[in-house]
Structures are given as C-alpha cells and as structure tokens.
Amino acid sequence: MNLHGIGLIFTRGRGVDCFKRTLGQGWQKPAEIDVSYLKNKKSPVYQVALENIIDGTLPKKMRRSDKLSKMAVLAASDALKSSGIEGINKKGMGIIVASAFGAHVTTFDFLDDILDYGEANVSPTVFSNSVHNAAASYISSALDIQCPTLTVTHFYFSFHYALQLAKAWLNEKRCDYVLAGAVEQYGDVLGYVCNTKLKTAHDGRIKPFNFNPTYQIPGEGAVFFLLNKGDFNNAFCKVDDIRIGKSTEDIKTVDLNIIDTDGMLADESVYSGSLSPDIPVAAYSPLFGSMMIGSAFNCTAGALMLKNQEFYANPIRDNPHNIHLINETKRSNIELIHCIRYNCYGEKAAIHLRKK
C-alpha cells in the first residue's frame with residue numbers, strides 16, 4: 001500500500017507539519033490536571049486543546065458531536081488535504097476507524113445521565129454519540145464520502161488490524177483509496193485506571209527505554225492515513241507489510257526500529273528481544289502520551305523520516321540498557337523502518353514502512 005496523505009491531531013497541535021516540527025523540537029512537559037484520588041492531587045496528561053485548532057471549515061453538522069468524533073473528522077480531513085489529490089472524496093473511497101476504547105467518555109456521560117435523570121429523560125444526542133461507529137459515520141457525513149465504512153476495535157492492535165483490512169479492501173478492488181486511522185480520547189475513568197494500575201511519570205517524562213519499571217502519561221489524539229495501491233506519485237512511503245502474532249519474525253536489514261514503549265505495559269522488557277545492537281532504535285511516545293493507538297503516531301514519524309530522509313532524535317534519551325539510540329536529528333539514507341508493538345501476552349505486531 002502507498003501512503004499518500006497523513007492527518008493528525010495531538011497534544012501539541014494539528015497537522016503533519018506540526019508533528020514534524022514537534023519531532024525536531026523534542027520533549028515538552030505535559031499539562032497537569034486536578035485529581036482527588038492521588039496524594040499530590042495532580043496528574044500529568046497529554047490532552048488536546050480542541051478549541052485552539054478547530055477552524056471555520058468544520059461543518060455545522062459536527063457541532064453536536066463529541067470530542068472523539070471531532071478529532072477523527074479533523075484528522076481525516078487533513079489526510080485528504082495532505083494528499084493533494086483533487087476531488088479525492090469522489091474517487092472510490094473506503095473508511096476504517098480504529099480505536100481501543102471508542103467513545104467511552106460519552107458512554108459514561110450517558111450512563112451518568114440515566115442515573116441522574118432516569119431513562120426517559122436522557123439526551124438522544126449523547127446516546128447517538130456514544131455508539132461505537134459514530135466517529136466513522138461523522139467522517140463520512142462531514143467529508144461527503146459515500147463509501148464502505150467500518151470501525152475496528154482492539155486493545156493493543158486496533159491500528160494494525162485496520163491497516164490489514166485496508167490492504168484487503170485494496171487487493172480485492174473494493175476501493176481505490178482507503179482512509180484508515182485511529183482515534184482515542186482521554187477521560188476521567190481512563191485516567192483513574194492508568195494512575196492506579198500503572199506507574200505514572202509524575203515528572204512528566206515517559207521513559208521508553210527503561211522497560212521495567214515503566215512510566216506512563218495518558219494521551220489522546222487521532223491519526224489518519226490515505227492509502228492506495230499502484231499509484232506511487234507524491235507518496236510519503238509504502239506500507240510494506242503488517243504482521244501480527246507470536247510468529248512474527250524480526251527483519252535484520254532495517255535502518256531503524258521504532259518501538260511503542262509508553263508505559264501501558266507494566267513490564268516492557270519483551271521489547272529488548274526484538275532489538276539488535278547494530279540497528280538504531282527510536283520511541284516517540286514522550287511527544288504525544290501513552291495510548292493504545294500509539295503505533296499510529298510512531299508510524300507517522302517513520303513515514304516522515306522516509307519521505308525526508310532524516311532521522312529524528314529520541315525526545316527522551318535515558319538509556320539504562322545501553323541501547324543503540326538515535327541521539328541527534330540528522331540526514332541519512334533510509335530504506336526500511338520497522339515499527340514494533342507488543343501486548344500484555346507477549347504477542348507482537350509489526351508495521352514495515354519502505355522508502356518510495
């Protein structure tokens with residue numbers, strides 16, 4: 001598959017150019033929010049300030065949507081614009097949205113309204129936004145794309161399965177292009193789970209190369225890729241392969257391993273078995289936070305490196321295990337990047353990105 005357009009929203013802003021600047025600028029301390037269940041009453045969070053990045057082009061039909069759907073629509077819209085393909089929304093499109101938790105914030109709001117006001121008095125708008133396929137439906141409606149639309153859910157590998165499905169649709173010629181992406185929202189319930197079940201990086205620094213103990217900071221955002229098969233003009237890179245499962249073999253000839261270490265596993269030592277001292281390693285979770293869809297952001301970093309032929313320095317370079325890290329941003333000849341993620345059962349998912 002060829003990657004023609006990228007759109008994203010994250011804590012530092014909106015758009016692939018903003019993400020590229022962030023890769024060059026490096027780590028910044030996240031904001032803190034008040035929480036009642038922690039001793040210090042503060043918790044760091046990589047939140048999206050949606051009010052600062054919505055422009056006047058957002059259709060009126062989106063005004064009642066929740067934050068999750070707004071982030072998805074904006075990122076999907078930017079992916080289409082990033083491609084530079086005229087009339088792309090009329091070219092036989094498919095839409096696939098991946099998420100680990102979906103509209104869980106709106107779902108809990110709906111349940112709270114039932115408890116507060118009774119079943120007969122809850123808001124039908126809140127209910128409709130809590131439906132798992134709501135974000136995908138908003139993308140189709142807001143961007144005027146009439147096409148196959150599907151939502152994929154999985155805790156750790158939802159983005160990987162979305163890419164596999166996109167590849168199948170293109171191979172079967174169901175679509176000429178597929179708009180595939182992932183979206184996740186931070187909420188109080190998710191924050192409570194992360195802060196009570198995992199170690200929180202109270203200094204604001206996710207340490208991707210500690211492996212054990214790990215440190216997390218919840219994040220939120222959305223990433224969408226515009227994919228097709230055949231036409232390679234102006235593409236960022238090629239999504240060469242997506243592999244999932246314990247039998248996934250390591251590729252020994254890659255130019256860079258990007259690992260999804262972000263503290264969402266209590267022990268991330270399993271990643272060390274996939275690394276070679278001869279291949280440099282990067283992890284960019286300190287730029288956007290700990291998310292089940294972090295693979296989508298790391299793949300965006302990989303796509304930018306392949307397009308620009310430039311390595312981006314690791315934002316946090318604590319290195320207790322003496323791993324071969326990228327410590328500076330520099331020009332380089334890059335052909336193949338390997339993006340690696342593990343789940344809590346030791347199963348591996350890998351996305352291979354190749355230079356166009």
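Which residues line the largest cavity? The lining consists of L68, V97, S99, G102, A103, V131, H132, A134, A135, T151 and V183. This is a predicted model, in which local features need pLDDT of at least 70 and side-chain atom pairs count only at pLDDT 80 or more, while totals for chains, interfaces and linings use all residues. Residues are numbered from 1 along each chain as its sequence is written, and side-chain values use heavy atoms, with hydrogens and water left out.

Rolling a probe the size of a water molecule over the atoms shows where empty space is left. On a 1 Å grid over the protein atoms alone, a cavity is a set of points where a 1.4 Å probe fits but cannot get out, whereas a pocket is an open set with protein on both sides within 12 Å along at least five of seven lines; a lining residue has an atom within 4 Å of a point. Grid points are joined across faces, edges and corners, and a volume is the space filled by probe spheres set on the points.

By this rule there are 4 cavities of 30 Å³ or more, and the largest cavity has a volume of about 60 Å³. Strand 5 (93-99) and helix 5 (134-142) are the elements that give two or more residues to the lining of the largest cavity; helices (H or I, at least four residues) and strands (E, at least two) are DSSP runs numbered from the N terminus. The lining of the largest cavity has 7 nonpolar, 4 polar and no charged residues, where Ala, Val, Leu, Ile, Met, Phe, Trp, Tyr, Cys and Pro count as nonpolar, Asp, Glu, Lys and Arg as charged, and the others, Gly among them, as polar.

The largest pocket holds about 260 Å³ of space. Of the 13 residues that line the largest pocket, F101, L190, V193, M264 and M292 are the closest to its centre. Helix 3 and helix 7 are the elements that give two or more residues to the lining of the largest pocket, and helix 7 gives the most, with 5 residues. The lining of the largest pocket divides into 11 nonpolar, 1 polar and 1 charged residues.

**Aromatic rings and charges**

The whole structure has 8 aromatic pairs, a pair being two rings of Phe, Tyr or Trp (its six-membered ring) with centres within 6.5 Å, and planes under 30 degrees apart count as stacked, over 60 as edge-to-face and the rest as tilted. Two of these pairs are set out here.

| Pair | Distance between ring centres | Angle between planes | Type |
|---|---|---|---|
| F101 and F155 | 5.7 Å | 50° | tilted |
| F288 and F297 | 4.7 Å | 20° | stacked |

F101 lies in the loop between strand 5 and helix 3 (104-117) and F155 in the loop between strand 6 (149-153) and helix 6 (158-171), so their pair ties together parts that are 54 residues apart in sequence. F101 is partly exposed, with a relative accessible area of 25%; buried means under 20% relative accessible area, exposed over 50% and partly exposed in between (1.4 Å probe, protein chains only).

A charge sits over a ring if NZ of Lys or CZ of Arg is within 6 Å of the ring centre and within 35 degrees of the ring normal. The charged end of R205 sits over the ring of W27, 5.9 Å from its centre, and K207 lies over the face of Y215, at 4.9 Å from the ring centre.

**Backbone details**

Most residues other than glycine have a negative phi, and most peptide bonds are trans. The peptide bond from N212 to P213 is cis, with omega near 0°, and P213 lies in the loop between helix 7 (188-197) and strand 8 (221-228). Q309, in the loop between helix 8 (294-308) and strand 12 (310-311), has a positive phi near 55° and counts as buried at 13% relative accessibility. N322 has a positive phi of about 55°, and at 69% relative accessibility N322 counts as exposed.

**Strand 8**

Strand 8 is mostly covered, with 8 of its 8 residues buried. Two strands pair if DSSP finds at least two bridges between them. Strand 1 (residues 2-10) runs antiparallel to strand 8 and is joined to it by 7 bridges, with N2 opposite N228. Strand 7 (residues 177-184) is also antiparallel to strand 8, joined by 8 bridges, and V178 has L227 as its bridge partner.
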